[in-house]
Amino acid sequence: MLKVFTMSLAIMSMAACSTFQTQRAPNQETKVVLKDQQGAKKEAPEQATSNGPKEITRVSPEDTAPNTQAKEMKEAVAAAAQHIQSTHDQHPREAGPVPADKAMGWLKNGNARFTKGFFRNDGAKAQDRHRLATGQKPHSVILSCSDSRVPPEVVFDQKLGEIFVIRTAGQALDNNVVGSIEYAVSHLGSNLIVVMGHESCGAVKAALSSLQGADMGSPALNALVADLKPRLQQYASTTPSENVAHESWSNVDGVAKELIERSAIIRDAVASGDVKIVKAMYHLESGNVEWR
Ligand SMILES: [Zn+2]
């Protein structure tokens, strides 16, 4: 049975940074009181995504992942401040406060919440807009398809300021896409890059038909599928797999590889050990994100 809890909490959040210059996050102080419907106090985890007194209603007491993410954010900020201090002289970029592995854990937890229908209520209120108005520090960059069924903020249950998203049909690459990822990595401190495809991708299907000689009907559409075609060449004469799943994975694999090849900024960031590129596939029916 679901219980509804009301949390009253006050948090001093990390100060937002300049858009073009990262800076160490200040110390945070957290005071949290959690009450159930009868008013009995309970222990509550910190919510680093909050920055002032607020009311939060949780849909399930078992769904602790949102609070886990917030608490870990606070810990990550402190750890990153120490890390930046110790490595500033060696690396041209300053790693953001959230290590890649932790960011990936948050995305996995968020996807689990999405599939269960338990969404965070924090992180999207006026005070959050105010906190983020002067800067951002997204923990992850996500390159995904523009398909209306695959919005990363929804399928990962992430809120304002938390993920930097680039979407093109079929994750098609061009300099604008690569440059956008470079910007997040080099200026915003994002340490995780996710390349996410999905089942039944129309762009992948179009590129497969293009391999058979089909014309897409416009120069722009032909250019889009032309970017995908080399990554699907091995399927030029085969029967498409169910939901073009194999072909979509091949596209994702190729995009991740090309990001390294095309971008010295991304390549150096990965080589530094701070930045990771991970590959993912979204399943339309289950809502699950599969990782590689
Ligand atoms: Zn698609």
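Biologist: How many other C-beta atoms lie within 10 Å of S200, and how should I read that count?

Modeller: Keep in mind that this is a predicted model. A residue counts as buried at 20 or more such neighbours and as exposed at 12 or fewer, with partly exposed in between. S200 has 16, so it is partly exposed. You'll find S200 in the loop between strand 7 and helix 6 (202-211).

Biologist: What is the phi of S200?

Modeller: General idea first: most residues other than glycine have a negative phi. S200 is not a glycine, yet its phi is positive, at about 55°.

Biologist: And what about V244, which also sits in a loop? Is V244 buried or exposed?

Modeller: V244 is buried, because 24 other C-beta atoms lie within 10 Å. Its loop runs between helix 7 (219-232) and helix 8 (245-262). Phi of V244 is positive too, near 45°, and again the residue is something other than glycine.

Biologist: On to the sheet. In what order do its strands come?

Modeller: Strands of a sheet pair through backbone hydrogen bonds, and they can do so parallel or antiparallel. Here five strands make an open sheet, ordered 6-5-7-8-9, with mixed pairing. Strand 6 (163-167) and strand 9 (289-291) are the edges; each has a single partner strand, so one side of each lacks a neighbour in the sheet. On average, neighbouring strands are turned by 25° against each other, ignoring direction.

Biologist: How many bridges join strand 8 to strand 9?

Modeller: Three, and the two strands run antiparallel; strand 8 covers residues 276-282. For a pair to look at, take Y282, which stands opposite V289 in strand 9.

Biologist: Which strands does helix 5 touch?

Modeller: Helix 5 (residues 175-187) packs on the sheet and touches strand 5 (140-144), strand 6 and strand 7 (192-198). Compare directions and you get about 165° between helix 5 and strand 5.

Biologist: One more loop, then. Where is L160?

Modeller: L160 lies between helix 4 (152-155) and strand 6. With 16 other C-beta atoms within 10 Å, L160 is partly exposed.

Biologist: Which residues does L160 touch, leaving out those up to four places away in sequence?

Modeller: L160 touches G123, A124, D128, R129 and L132.

Terms used
Residues are numbered from 1 along each chain as its sequence is written. This is a predicted model: local features need pLDDT of at least 70, side-chain atom pairs count only at pLDDT 80 or more; totals for chains, interfaces and linings use all residues. Two strands pair if DSSP finds at least two bridges between them. Helices (H or I, at least four residues) and strands (E, at least two) are DSSP runs, numbered from the N terminus. Axes are lines fitted to C-alpha atoms, for helices over the stretch in contact, and angles run from 0 to 180 degrees between N-to-C directions. Two residues are in contact if their C-beta atoms, placed from the backbone, lie within 7 Å.
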